Amino acid sequence: MNVKRAILRALADRDVHQAIDYYIGEGAEQAALKFIDALEQALQHIERHPATGSPRYAHELDLPGLRCWQMKGYPYLVFYVERDDYVDVWRVLHGSRDIPAWMQAPD
C-alpha cells in the first residue's frame, strides 16, 4: 500500500489552530484534545486512501482533484488534493461555513 504523507498548507494549519482555540476558549479542553485525535485519524485515512474523499466541491468550485473528508465526531471537513508524492491539505473547515467563499480565501 502506497501511503502519501499529508502536508497542511498555512491556511489549513491556521484553521486547525482556530478550531482548537475555540474549544479551549469554551472551556472544553477535552473536546480540543478529541478534535486533535479526530483530525489525526482523518489525515491517516486520507494518507492511505486519498481517492475516498468526496469530489462534491471540486465540481462546485471548479477545482479539479479537490476532495473532502468528514472528521468523525466533529462537523469539520478536511479539503485536500492528491499529488504525485503527497496529499496537499488545503483547508479544515466547519461544515456550516460558506465553503465556496472560504475555499477561495487567499492562501
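In which sense do strand S2 and S3 pair, and over how many bridges? In this predicted model, the pairing of S2 (residues 66-70) with S3 is antiparallel and runs over five bridges. Cys 68 sits opposite Phe 79 of S3. The hairpin made by S2 and S3 has five residues between its strands, and here Gly 73 takes a positive phi near 85°.

S3 also pairs with S4, again in the antiparallel sense, this time over seven bridges. A hairpin of three residues takes the chain from S3 to S4. Phe 79 turns up here too: its bridge partner in S4 is Arg 91. As for how enclosed S3 is, six of its seven residues are buried, so the rest of the structure largely encloses this strand.

Now for the nonpolar cores. The largest one has 21 residues, and the members that touch the most others are Phe 35, Met 71, Tyr 76, Val 78, Val 89 and Val 92. Two or more residues come from each of helix H1 (10-25), helix H2 (29-48), strand S3 (76-82) and strand S4 (86-94). H2 gives the largest share, with seven residues. Take Phe 35 as a close-up: setting aside neighbours within four places in sequence, its contacts are Val 16, Ala 19, Ile 20, Tyr 23, Met 71, Tyr 74, Tyr 76 and Val 92. Apart from this core lies another, made of 12 residues, including Leu 77, Phe 79, Val 81 and Leu 93.

How do side chains sit along a regular strand? They alternate between the two faces of the sheet.

Definitions and conventions
Residues numbered from 1 in each chain as written. Predicted model: local features only at pLDDT ≥ 70, side-chain atom pairs only at ≥ 80, totals over all residues. Heavy atoms only, no water. Core = buried A, V, L, I, M, F, W, Y, C linked by side-chain atoms within 4.5 Å. Buried < 20%, exposed > 50% of the residue type's maximum accessible area, 1.4 Å probe, protein only. Helix = DSSP H or I, 4+ residues; strand = E, 2+ residues; numbered from the N terminus. Contact = heavy atoms within 4.5 Å. Pairing = 2+ DSSP bridges.
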